[in-house]
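Here is a note for someone opening this structure for the first time. Please keep the model in view while reading the points.

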Amino acid sequence: MKKIRIVAIDDVADILDLIEYNLNKEGMDVTTFTDSAEGVDFINKTLPDIVVSDWMMPEPNGLQVCSALKSNDLTKNIPIIMLTCKGSLTDYKEAMDAGATDYVVKPVRMEELVRRIKLVLPLNFQRVKFG
C-alpha cells in the first residue's frame, strides 16, 4: 500500500519534529524543512501528496509558498494546509486566496492535524489505512 508523502515546512525545528513524529506514527512518510526555499525546491522535484506549511517564516513565507506552488502546473493540485499562529478571519481569507486548502491555527493538537490531512487527501488515498 502506498504511503502518503507529506512535506512539512516550518522555521521552528521543534514543531517539525513533533509533526514528523506524529505523522510517521500514522503511517505517513514525512520530509521536513526549516528553509522554505529548500522545501519548495524539494516539492517541485518530488511532487508530494500534501504540503503542511507555516505562514510566519523568513521569505518565502507560507503565503509565498502557497502562491508559488499554485502557480506551477506541476504542483497546483497538491493540497496545502497552512499551519499558523495567525487566527483572524482576514488571515484565513488571505491564506485561502493564496491557494491554501485548509487552515490550522497554532498551537495545534496533533490529532487535529492528522484529521485535517485525512480530510484533504485526494480521493485515490481515501482507502489508505492509517496507523
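1. **Helix H2, packing.** The buried residues of H2 pack against E1, E2, E3 and H3. Contact here means heavy atoms within 4.5 Å. Buried means under 20% relative accessible area, exposed means over 50%, and partly exposed lies in between (1.4 Å probe, protein chains only). Helices (H or I, at least four residues) and strands (E, at least two) are DSSP runs, numbered from the N terminus.

2. **Basis.** This is a predicted model; local features need pLDDT of at least 70, side-chain atom pairs count only at pLDDT 80 or more, and totals for chains, interfaces and linings use all residues. Residues are numbered from 1 along each chain as its sequence is written, and side-chain values use heavy atoms, with hydrogens and water left out.

3. **Helix H2, faces and ends.** H2 spans residues 36-46, and its buried residues are Ser36, Gly39, Val40 and Ile43. They share one side of H2, because their arc around the axis is only 100°. The arc is taken from the directions from the helix axis to the C-beta atoms. At the start of H2, a side-chain oxygen of aspartate 35 comes to within 3.0 Å of the backbone nitrogen of alanine 37. After H2 comes leucine 47. Its phi is near 50°, a positive value in a residue other than glycine. Leucine 47 sits in the loop between H2 and E3. Its relative accessible area is 32%, so leucine 47 is partly exposed.

4. **Helix H1.** H1 (residues 13-25) has 13 residues. From first C-alpha to last it reaches 18 Å, close to the 18 Å expected at 1.5 Å a residue. The expected span is 1.5 Å times one less than the number of residues. Which residues of H1 are buried? They are Leu16, Ile19, Asn22 and Leu23. These lie on the same side of H1, because they cover an arc of only 140° around the axis. An α-helix has 3.6 residues a turn, so residues three or four places apart point the same way. Asp14, Tyr21 and Lys25 are exposed, on the face of H1 turned away from its buried side. The buried residues of H1 pack against E1, strand E2 (29-33), E4 and helix H5 (110-120). Just after H1, glycine 27 has a positive phi of about 90°.

5. **Strand E3.** Is E3 enclosed or open, and why? Five of its five residues (50-54) are buried, so E3 is largely enclosed by the rest of the structure. Ile50, Val52 and Asp54 point one way from E3, while Val51 and Ser53 point the other way. In a regular strand the side chains alternate between the two faces of the sheet.

6. **Partners of E3.** Strands pair if DSSP finds at least two bridges between them. E3 runs parallel to strand E1 (residues 5-9), and four bridges join them. Here valine 7 stands opposite valine 51. E3 also pairs with strand E4 (residues 80-84), in the parallel sense, over four bridges. Valine 52 has isoleucine 81 in E4 as its bridge partner. With helix H3 (residues 62-70), E3 and E4 make a right-handed β-α-β unit. Right-handed means that, with the strands pointing away from the viewer, the path from the first strand over the helix to the second runs clockwise.

7. **Strand E4.** Five of the five residues of E4 are buried, so E4 is also largely enclosed by the rest of the structure. Ile80, Met82 and Thr84 point one way, and Ile81 and Leu83 the other. E4 and E5 run parallel, joined by four bridges. Leucine 83 stands opposite valine 104 in E5. The chain crosses from E4 through helix H4 (residues 89-98) to E5, in a right-handed β-α-β crossover.

8. **Aspartate 102.** This residue is in strand E5 (residues 102-105). Its relative accessibility is 15%, so aspartate 102 counts as buried. Its side chain makes a polar contact with the side chain of arginine 116 (2.8 Å). A polar contact is a pair of N or O atoms within 3.5 Å; within protein, one must be able to donate a hydrogen and the other to accept it, and residues adjacent in sequence count only if both atoms are side-chain atoms. Leaving aside neighbours within four places in sequence, aspartate 102 has contacts that include Ile80, Met96 and Val120.

9. **Cis peptide bonds.** Glutamate 59 and proline 60 are joined by a cis peptide bond, with omega about 0°. Proline 60 lies in the loop between E3 and H3. The bond from lysine 106 to proline 107 is cis, with omega near -5°. Proline 107 is in the loop between E5 and H5.
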